[in-house]
Amino acid sequence: MSKTTSNAFIQVDEQILIQMPSGNVKIVNLKADTTVNLGKFGSFNSDKLIGKPFGLSYEIYGENNDIRPVQHVAKNTSVEETEANNQLIIDDTTVQKLTQEEVLKLKAEGLKGTLNTEEIINKMVAAHSEFDKKTEFSKAKYIERKKKKFMKVFTPIRPSLYTITDYFFNKNPEKIKHLRIDTLSQLLSLSNVHANSKMLVVDDTQGLIVSAMLERMGGFGQLVAVHEGDFHNYDILRYMNFPKSVLETLYTVPFASVDPETPNDPFEILTEEQVEALDIHAKRSYLRRKSSYDYKTKSRQLLFDGDFDG
């Protein structure tokens, strides 16, 4: 769910996932007018991506690191049945008639934008003396290897419960307790999570389960989350780009405060006249502390009231 009316387009100050030709995925907090560095695949200015649609692949080209839409590297290769085999193929450096200097020159032209990657690969294929002897499957694998080597292509992916779970399951599964998306979906169904419900959760997956519940509730209802320590560690929440209306339905309570006999933290509530008499800095500080006190008090009360739907 996006902060805007449409989540199909990339917005400033949001988290996005970027998939590289190698298959690796990187999470980027997209700030305005900053350089997004993709390592060996190049870099570009963030403003050139803002407003573009998710899911399309973009190629970095030219001396100014411009970007342009291209076909995804894995979606334009077809494999057909053939009677060819690789038995008689000579597999060494002599089969490529282009010299190293010529290949580097082609790559340099690609960086300048005078040659696109498809043209470079076509020239390499034409100069490969054994290419026609390959099976169709081997041809496709060869072309894919060259694309991953020469194409400065990336694909921005919108953060969602599925893409974020898949990202952490592959990159850092310990963070989410090795929780798979299919198991997570079963948890949501069996827990009766739905909009306009009041839910209770203990989440030790750094916010994955909390994020999943908030996404399903859609900003309607109340989610009370009990956690260890004074502050929760729901790190994954920040990747989901939830709007304020969704985040405001989350109420967190430390385990140390679940006993009704434990009093609320002391706080002196001022009258309206006393608040107005404060200078601007003291007033801002008081209102911030008052907001925190009200939130903690309401969160505990929601827990003590019970009557949870799941």
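How do the residues of the lining of the largest pocket divide into nonpolar, polar and charged? They divide into 9 nonpolar, 9 polar and 5 charged, where Ala, Val, Leu, Ile, Met, Phe, Trp, Tyr, Cys and Pro count as nonpolar, Asp, Glu, Lys and Arg as charged, and the others, Gly among them, as polar. This is a predicted model, in which local features need pLDDT of at least 70 and side-chain atom pairs count only at pLDDT 80 or more, while totals for chains, interfaces and linings use all residues. Residues are numbered from 1 along each chain as its sequence is written, and side-chain values use heavy atoms, with hydrogens and water left out.

**The largest pocket**
- Helix 9 (280–305) and strand 10 (250–254) each supply at least two lining residues, and the largest share, 8 residues, comes from helix 9; helices (H or I, at least four residues) and strands (E, at least two) are DSSP runs numbered from the N terminus.

**Strand 7 and its partners**
- Strand 7 (residues 153–157) has 4 of its 5 residues buried, that is, under 20% relative accessible area with a 1.4 Å probe and protein chains only.
- Strand 1 (residues 14–19) runs antiparallel to strand 7 and is joined to it by 3 bridges, with L17 opposite I157; pairing requires that DSSP finds at least two bridges between two strands.
- Strand 5 (residues 57–61) also pairs with strand 7 in the antiparallel sense, over 2 bridges, and E59 has V153 as its bridge partner.

Definitions and conventions. Buried means under 20% relative accessible area, exposed over 50%, partly exposed in between (1.4 Å probe, protein chains only).
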